Amino acid sequence: LLLILIMFLLAILFLSKVVRPYKKSNIGVYSYCNNSSNIYFVNETTPQINLDFPNTRIGAMSLIGNTLFITTFNPFQFNGSANESVIAVNVSSGRVLWRKQMSDGVMSQPITYKGMIIVGLGMSHSNNKNGLVALNDTTGNIIWIFSRKSETMPTPTLVKGLLFGAYGAGYYLINASNGNVIYIKNALPDMMSSPHIVKGTAYFGAGYTHSYSFYAVNVSTGKIDWIDNFPQAEGGMADIEPAIYNGIVISGFLNNSMYSNQTLVGMNMSTGKILWETSEVSASKQVPVIVPPKISSIVPSGRGQSMSAIEVYNGIGYSDSTYLGLLVAFSPLNGKVLWAFSTGSCNSGPTFYDNAAIIACKNGVVYAINASTGALINQVMAVPHSSFPLILTRNEVILGGNDGRIMSVSLEQLLKSQQVVS
């Protein structure tokens, strides 16, 4: 009888582990996409997601356990409209747990820390409503505010309880627990480049109209270690998140007034020495451009006027050249372009699963591309994607749309099926 009881208890224990529900874990988000390669992967199995928030545009999202934290903003106006908010949703049930209206649009990715969600406000350049806001992750109540007059669009980086970030007029270091200021350096032109921190140094781009630079800053002291100036740049460097690989920090810029040429640049992390520059226009003419077959009835996505985050995966760099409408693969060691794939305007960069690069575009097409060769694996229809990172889980790709919808695409379907998701 005792043996039977023990076996019964062991069976219950085993089944509880097998069928345990998807629940909150200690996985957090501490910087833009949570790593220096700009790839957002959550090592969890998630349910299929299909949400709709009308009259909004979906911004950056963070998935923490069973809760999806969503940022939204009004696609037609800013400065504190009802549709500029942070929303917490239970992904298993689809139930909205709370929704908090913000005083301005949110463009940063939600950072998690000690029961808080921290976001940056800043669709306007000077309306006294910008800065960082920390919300209780269970209730949405405001815990602290770090106010700035200029927009605070970039996602800050959390290091040892401190937040380092940049805004429209400088950079800062604050206490993540209470928002208290450690230092503010008013030294920069306009920027949206989220910093990456490696060994105590923050790397990010900044600039506005004929004055673009790339910075390396000592996080502890706020002292600038080095600056690279790019007088030929007309845009881009202040918008994109750099990637870091093998002692090289990689960024890029648009270098004429028509935004028709995009240049990648690799710099020595320690000294700022420029190691290589690659014109994507010139380089893409020297490699085959892979053009996928069109899905019937789709609207061409056209071209954009900015650059997305630089990404590095398995020793290959990737740049979503928005104006060119190409996903470009290159060597992060020397900038040599390896292949180019014609995507149309995407502006969010790919994420990766095994050897597949997955990218969602503004016309609603999601591509799965062989990350080594650039060959098309599959393409499906989803939502018209906004300019923010995809979230990849073990089984789903989660993306937010310019039309207020959020949906997920099955990885199995994307990588194996030839059917179109509508």
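Start by selecting Thr-152, which sits in the loop between E9 and strand E10 (157-159). The strand labels come from DSSP: helices (H or I, at least four residues) and strands (E, at least two) are DSSP runs, numbered from the N terminus. With 0% relative accessibility, Thr-152 counts as buried; here buried means under 20% relative accessible area, exposed means over 50%, and partly exposed is in between (1.4 Å probe, protein chains only).

Before going on, a word about what you are looking at. This is a predicted model, in which local features need pLDDT of at least 70 and side-chain atom pairs count only at pLDDT 80 or more, while totals for chains, interfaces and linings use all residues. Residues are numbered from 1 along each chain as its sequence is written, and side-chain values use heavy atoms, with hydrogens and water left out.

**Around Thr-152**

Keep Thr-152 selected and show what surrounds it. Which backbone nitrogen does the side chain of Thr-152 reach? That of Gly-131, at 3.2 Å. Not counting residues up to four places away in sequence, Thr-152 touches Gly-120, Leu-121, Gly-122, Asn-130, Gly-131, Leu-132, Ala-166, Tyr-167 and Tyr-172. A contact here is heavy atoms within 4.5 Å.

**The sheet E6-E7-E8-E9**

Next, select the four strands of an open sheet, ordered E6-E7-E8-E9 with antiparallel pairing. Two strands pair if DSSP finds at least two bridges between them. Strand E6 (111-113) and strand E9 (142-148) are at the edges, each with a single partner strand, so one side of each has no neighbour in the sheet. From one strand to the next, the twist averages 20°; the axes behind such angles are lines fitted to C-alpha atoms, and angles run from 0 to 180 degrees between N-to-C directions.

Now walk across the sheet:

- E6 and strand E7 (residues 116-121) run antiparallel and are joined by three bridges. Pick Tyr-113 and you will find its bridge partner in E7, Met-116.
- E7 and E8 also run antiparallel, with six bridges between them. Here Val-119 has Val-133 in E8 as its bridge partner.
- E8 and E9 pair in the antiparallel sense over six bridges. Leu-132 stands opposite Phe-146 in E9.

Is strand E8 (residues 130-136) mostly covered or mostly uncovered? E8 is mostly covered, with six of its seven residues buried. Follow the chain from E8 into E9 and you pass through a hairpin with five residues between the strands. Click on Gly-140 in that turn, where phi is positive, at about 85°.

**Ala-216 in strand E16**

Move along to Ala-216, which lies in strand E16 (residues 212-218). At 0% relative accessibility, Ala-216 counts as buried. Leaving out residues up to four places away in sequence, the residues touched by Ala-216 are Thr-201, Ala-202, Tyr-203, Lys-223, Ile-224, Asp-225 and Trp-226.

**A mixed sheet**

Now select the five strands of another open sheet, in the order E22-E26-E25-E24-E23, where the pairing is mixed. Its edge strands are strand E22 (289-290) and strand E23 (311-313), each pairing on one side only. Inside, strand E24 (residues 316-321) and strand E25 (residues 326-330) pair in the antiparallel sense over five bridges. Select Asp-320 to see Leu-327 of E25 opposite.

**The salt bridge**

How many salt bridges does a search of the whole structure find? The search finds one, formed by the side chains of Asp-403 and Arg-405 at 2.8 Å, N to O. The criterion is a side-chain nitrogen of Lys or Arg within 4 Å of a carboxyl oxygen of Asp or Glu. Asp-403 counts as partly exposed at 30% relative accessibility, and Arg-405 counts as partly exposed at 32%.

**Zooming out**

Finally, colour the protein chain by pLDDT, the predictor's confidence in each residue, from 0 to 100. The chain averages 81, and 82% of the residues score at least 70. Over residues 9-26 the pLDDT is below 50, and this stretch has 18 contacts in the model beyond near neighbours in sequence. A cartoon view of the chain holds three helices and 33 strands, and buried residues make up 58% of its 422 residues.

Technical notes: Polar contact = N/O pair within 3.5 Å; in protein donor to acceptor, adjacent residues only side chain to side chain.
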